[in-house]
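Have the structure open while you read.

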Number of protein chains: 2
Amino acid sequence: MVQLEESKCDLLIVGAGPAGLMAATWAARCGIHARILDKRRTKIFHGQADGLQCRSLEIFDSFGFADRVWKESNHLLEMCLWNPDETSRIRRTDTIPDTIPGISRFQQVVLHQGRIERVFLDSLKDYSEIEIERGVVPEQLEIDHSKADDDHAYPIKVKIRYLDDDEAAPVQHGTNVPDGLFRSSLAEDDTDDLIRKSQRKKGSIEVIRAKYLIGCDGAHSWTRRQLGFRMEGEQTDFVWGVLDIVPITNFPDIRMRCAIHSAESGSIMIIPRENRLVRLYIQLKEVNSEVDRSKITPEIILKAAQNIISPYKLAYDYCDWWTAYQIGQRVGNSFSCDDRVFLAGDAVHTHSPKAGQGMNVSMQDTYNLGWKIGLVVKGLAKRSILRTYQSERRRVAQDLINFDRRFSRLFSGRPARDAADEAGISMAEFKVAFEKGNMFASGLAVDYGASILVAKPGDSADQGDGTDVDTVTNSTDRVVGKQELASNIKLGMRFPSFQVLNQSDARPWHFGQFLKSDGRFRIIILAGNLRDEKQWKRLEDFGDLLAKPDSVIRRYTPSEKPIDSVIEILVIHSALRQEVELLDIHEIFHPFDEKRGWDYEKVFVDDLSYHQGHGEAYKNYGVDKERGCVVIARPDQYVGWIGEIEDVEDIDRYFSEVLIPQV
Amino acid sequence: MVQLEESKCDLLIVGAGPAGLMAATWAARCGIHARILDKRRTKIFHGQADGLQCRSLEIFDSFGFADRVWKESNHLLEMCLWNPDETSRIRRTDTIPDTIPGISRFQQVVLHQGRIERVFLDSLKDYSEIEIERGVVPEQLEIDHSKADDDHAYPIKVKIRYLDDDEAAPVQHGTNVPDGLFRSSLAEDDTDDLIRKSQRKKGSIEVIRAKYLIGCDGAHSWTRRQLGFRMEGEQTDFVWGVLDIVPITNFPDIRMRCAIHSAESGSIMIIPRENRLVRLYIQLKEVNSEVDRSKITPEIILKAAQNIISPYKLAYDYCDWWTAYQIGQRVGNSFSCDDRVFLAGDAVHTHSPKAGQGMNVSMQDTYNLGWKIGLVVKGLAKRSILRTYQSERRRVAQDLINFDRRFSRLFSGRPARDAADEAGISMAEFKVAFEKGNMFASGLAVDYGASILVAKPGDSADQGDGTDVDTVTNSTDRVVGKQELASNIKLGMRFPSFQVLNQSDARPWHFGQFLKSDGRFRIIILAGNLRDEKQWKRLEDFGDLLAKPDSVIRRYTPSEKPIDSVIEILVIHSALRQEVELLDIHEIFHPFDEKRGWDYEKVFVDDLSYHQGHGEAYKNYGVDKERGCVVIARPDQYVGWIGEIEDVEDIDRYFSEVLIPQV
């Protein structure tokens with residue numbers, strides 16, 4: 001056994017599924033030195049998630065790759081509810097929009113996990129040298145707790161082993177239809193992945209010293225076991241069968257998302273997918289937790305589906321994939337050790353697949369964490385922001401499990417025969433729950449509690465998972481944003497997006513397209529009516545303060561870097577575009593560069609476009625069109641603070657808790 | 001000198017600029033055997049066009065790659081006109097939308113030719129084995145006229161020579177700023193191109209026998225010279241300077257398209273581009289046709305620009321590219337020899353660059369021609385359709401030159417000092433001409449004349465370039481469409497696109513997205529109100545006729561091919577989506593496949609979407625919402641015929657002139 005040279009990195013990511021890839025993507029965009037390991041030699045996975053929330057698409061867009069996913073995916077527009085009538089025949093009883101209209105510029109879509117991982121991999125290649133190191137397992141983890149608070153230390157020591165070919169080879173099941181353990185459709189994409197340095201090192205050992213580690217290593221997380229953390233909650237009795245087929249059927253809503261409750265044969269969820277595929281999720285009622293899952297076959301799952309969907313016919317010639325699994329509804333008792341080692345994704349929460357949440361919540365865990373680690377490693381932000389990961393994301397996981405419990409009961413229960421049938425499930429109640437659940441399931445209901453990153457009133461432990469994240473010594477000193485200035489820009493929630501125009505070229509954009517995931521905080525000035533002299537003066541005065549040598553933007557920006565590299569300032573005004581000249585506005589809002597001239601990408605206007613109507617951004621943001629307001633958006637687009645244009649001191653106080661002065 | 005083996009191909013394309021690449025793209029999509037040659041070893045070009053019309057983007061979308069261009073390009077939204085005031089200082093006098101609102105789902109954009117060619121090359125790779133053969137020159141052309149009408153013959157013989165390294169090496173000019181002869185920014189993309197078979201064959205000779213040949217070999221076309229065809233028209237005195245810079249300026253509209261007329265210093269056209277670049281087009285007034293163009297430098301062009309734009313400042317630190325050229329306004333006297341050898345693009349029309357037409361019209365030449373050759377080679381269509389290439393495209397070229405002459409005078413003239421200044425140009429007249437010109441410049445005004453492909457009333461020679469394309473022996477027998485049934489679907493113009501919903505999954509699409517460039521004709525049934533019993537019956541009866549063993553769709557489709565492979569039928573109805581069930585509609589409109597089930601991608605509805613409003617397709621098409629109508633769209637989306645749902649006999653007559661029975 002060869003012992004390779006010891007090496008160092010800023011961030012070590014264990015597991016290259018969606019959560020791990022999201023963490024790596026942040027590392028790439030922040031420019032820190034990260035490595036990402038996966039024990040599998042190629043991209044193979046048991047369960048393959050495919051539902052993407054609006055919020056996940058917004059996040060992809062902030063990295064610049066939502067368009068690829070949007071184009072390749074199947075879009076879910078309508079949800080059809082089918083229930084038994086008085087003769088026990090299933091009937092379409094309701095149709096509801098799958099995504100609540102107006103909540104996002106995206107709607108829910110489905111695309112299989114392999115394609116999504118491919119998009120991440122391509123993006124990593126475009127922005128960094130980070131490559132997935134496959135066929136590698138971590139074998140030993142040591143943490144030097146005494147150095148946890150030392151910004152320059154590498155307190156984590158991980159011993160990894162490069163697997164032999166035999167160990168890393170995929171095991172394929174015995175049927176002729178690929179199950180979750182093998183996906184031939186990924187073969188083409190994996191050419192690059194197969195040529196790996198790891199193959200040249202097989203059998204050898206390496207010691208990595210890291211500043212930070214994220215365990216994205218799934219439900220059986222090795223990282224979690226090393227930390228001795230527990231999953232809390234319960235295993236359910238539900239065994240789920242999943243079948244991806246090109247259906248041959250006369251069921252009329254096969255291209256809609258459907259929840260079908262049969263009278264006596266159980267329930268099915270239909271998810272139409274790309275390339276004429278349809279996924280069927282079926283809770284297999286005849287099996288219980290004692291059943292050997294390996295005995296389940298596609299034929300058993302199909303038979304169950306046929307019973308539910310009767311009198312309609314259902315068959316297939318082509319099955320793309322299938323699996324069967326039993327799920328637990330559990331949350332990890334802790335998400336972090338010393339704010340140095342973190343757990344994310346399935347490693348700290350497991351639940352049912354019905355609401356299409358799994359991959360989304362997992363990616364959003366590391367989306368929350370990645371920039372925090374990035375800024376801390378770069379010496380721009382204080383280590384104390386890392387504590388908000390657990391308070392913010394463990395709370396989301398808890399909410400998710402509660403949602404899943406409620407929803408599972410409604411989905412899986414037998415429909416009530418009539419009002420007197422108390423053992424049955426009320427289909428009216430199911431519909432209401434579904435409509436409410438849609439907001440949750442969009443990912444847009446996430447509302448982070450008070451902390452140094454969210455200037456909200458109230459108790460931060462209550463609003464999070466119970467962790468104390470109020471690091472301000474005297475909590476009455478904590479800055480609190482003025483929610484009343486922007487009724488639809490919620491402190492703790494993601495900054496919504498509406499159409500605005502670029503002041504200098506009249507092009508319409510969703511404003512969200514400028515909130516890129518590049519590690520920058522943003523001060524968004526809704527500058528109000530710039531044709532009003534007083535309002536113009538307010539913005540000028542603000543500009544003068546920001547332009548001072550000791551302003552927030554100067555103080556936290558390394559002197560050799562462009563002025564907008566730590567905090568970017570964006571302006572949206574509400575006067576008519578043609579009545580305002582960009583170059584008349586204070587120069588700090590369109591900084592000059594000797595080689596590139598003025599910056600034309602920072603000032604926007606809420607005005608009518610030539611071809612795409614009026615975004616009505618001020619109205620939709622709930623902001624006064626005359627006076628405006630100022631918002632701080634975190635690098636992940638969540639709203640940190642809201643105030644008046646004069647509240648420069650509060651902006652100073654917000655950043656003084658979060659960032660480290662550079663001069 | 002090595003003589004290589006003689007080879008055969010269906011289509012030989014000489015020149016791999018945009019026109020040649022478009023021809024190759026059609027060949028790839030039709031699945032015919034094509035080769036494409038270019039004498040340059042790598043992608044280098046003198047002038048580099050960058051403006052893309054709405055219509056070009058629609059065409060790109062029909063091939064599936066508009067999204068890439070749309071994302072990378074700079075969008076032009078507003079045009080600003082600047083003119084001298086009474087003190088001779090330039091002032092912004094007008095702003096007009098750069099693209100007329102509502103005419104297309106795209107707006108005009110700019111992206112440099114190298115990127116556009118890259119998108120074509122990637123698409124060729126995805127769909128075919130066609131590769132650009134670089135470093136190859138044609139040396140001899142022979143046409144066996146006696147075999148021109150023999151469908152199985154290869155009447156064209158071309159001798160080509162693989163260049164030595166020296167011959168194919170690019171020549172670079174002496175300044176440190178790259179001019180039109182060399183573009184280092186393309187280097188990365190050209191890696192693949194540089195590894196060419198042609199390098200291994202250098203110095204050798206090959207004889208290619210081809211069924212068809214297209215000369216896309218530029219203004220100095222070798223192909224045209226072999227045919228002995230002439231360019232008709234005149235060389236202008238205008239010398240144009242073009243400068244691509246990242247400007248440092250206080251001119252307020254530098255990110256808008258601008259036409260600036262100075263009082264005494266000439267005119268400039270400003271085109272803002274991607275990556276902060278701006279292109280300046282300047283007519284250099286001090287030079288005349290006697291001037292040696294090689295003496296022109298970027299400094300001379302900048303100085304001219306500074307004079308025009310004064311009192312605003314203009315400078316740059318970075319120049320990306322520049323060139324100077326003199327243009328002719330000319331059209332070829334013939335576009336085709338024997339309907340076997342064709343000329344396209346700059347080989348048959350040259351004009352000024354101001355309206356951003358060049359690359360567009362050139363690509364659209366071969367977009368018109370490619371599918372015709374494809375269908376003829378495959379034995380699906382009659383050779384007589386090839387004659388429409390000249391009648392349709394030479395007419396467009398003539399219109400373009402006329403437009404350019406009018407427009408050049410207005411653009412380049414000195415502004416009139418006052419109403420009495422008859423030698424000067426009226427700026428009011430310029431504005432009106434510009435607004436009118438915008439329709440022409442969008443590419444959407446193209447209106448092909450009567451022919452076997454366009455069932456229009458009137459004289460086909462008059463409506464085209466004078467060529468007789470009326471191949472029906474007795475012209476009173478010619479089928480004529482009923483324009484009155486669809487006031488905004490114009491016979492001879494491209495089928496417009498409005499939003500509709502997929503009947504089976506409620507997803508909104510621009511209908512144009514289904515008019516893919518795959519070589520198929522389409523029968524588009526605007527089926528009207530399917531909730532009306534009589535209307536339902538009309539569609540059922542039409543379905544019965546189409547389903548017959550001798551119907552048009554069966555007769556012209558090879559028996560081993562899917563029923564929709566030559567003529568595809570698409571339906572748009574106007575009843576409420578939720579009140580119609582797809583599977584109730586006649587099965588010919590959603591054909592069944594034993595392995596893939598029903599087809600869910602052929603029936604659409606003009607109804608309200610959940611997230612993107614109502615497309616109002618019937619209203620926008622100008623079609624009666626109750627009764628509907630039927631339209632034949634050519635493979636290039638141009639409208640061939642319009643009629644009632646009962647006019648099956650006219651549909652038969654249309655196709656009987658165009659297609660060849662397969663059974």
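Buried area is the accessible area, taken with a 1.4 Å probe, that two parts lose on being put together, summed over both. On that count, chain A and chain B of this predicted model bury about 4,300 Å² between them, with 47% of it on carbon and sulfur atoms. Looking at chain A, the residues that lose the most area to chain B are Arg276(A), Tyr610(A) and His611(A), which together make up 17% of what that side buries.

Here's the interface in numbers:

| Item | Value |
|---|---|
| Residues of chain A in contact with chain B | 49 residues |
| Residues of chain B in contact with chain A | 49 residues |
| Salt bridges between chain A and chain B | 10 salt bridges |
| Polar contacts across the interface, both residues at pLDDT 80 or more | 24 residue pairs |

Which elements of chain A each supply at least two residues of the side that touches chain B? They are the helix α3 (66-72) and the strands β4 (74-75), β6 (90-97), β12 (231-249) and β25 (597-598). By class, that side of chain A has 19 nonpolar, 15 polar and 15 charged residues. As for a salt bridge you can pick out, Arg92(A) pairs with Glu581(B) through their side chains, at 3.0 Å from N to O.

Now for that single residue. Asp126(A) sits in helix α4 (residues 113-127) of chain A. Is Asp126(A) buried or exposed? Its relative accessible area is 63%, and over 50% counts as exposed, so Asp126(A) is exposed. Leu111(A) lies 15 residues from Asp126(A) in sequence, and their C-alpha atoms are 22 Å apart in space.

Technical notes
Residues numbered from 1 in each chain as written. Chains lettered and ligands numbered in written order. Predicted model: local features only at pLDDT ≥ 70, side-chain atom pairs only at ≥ 80, totals over all residues. Heavy atoms only, no water. Contact = heavy atoms within 4.5 Å. Salt bridge = Lys/Arg side-chain N within 4 Å of Asp/Glu carboxyl O. Polar contact = N/O pair within 3.5 Å; in protein donor to acceptor, adjacent residues only side chain to side chain. Helix = DSSP H or I, 4+ residues; strand = E, 2+ residues; numbered from the N terminus. Nonpolar A, V, L, I, M, F, W, Y, C, P; charged D, E, K, R; others polar. Buried < 20%, exposed > 50% of the residue type's maximum accessible area, 1.4 Å probe, protein only.
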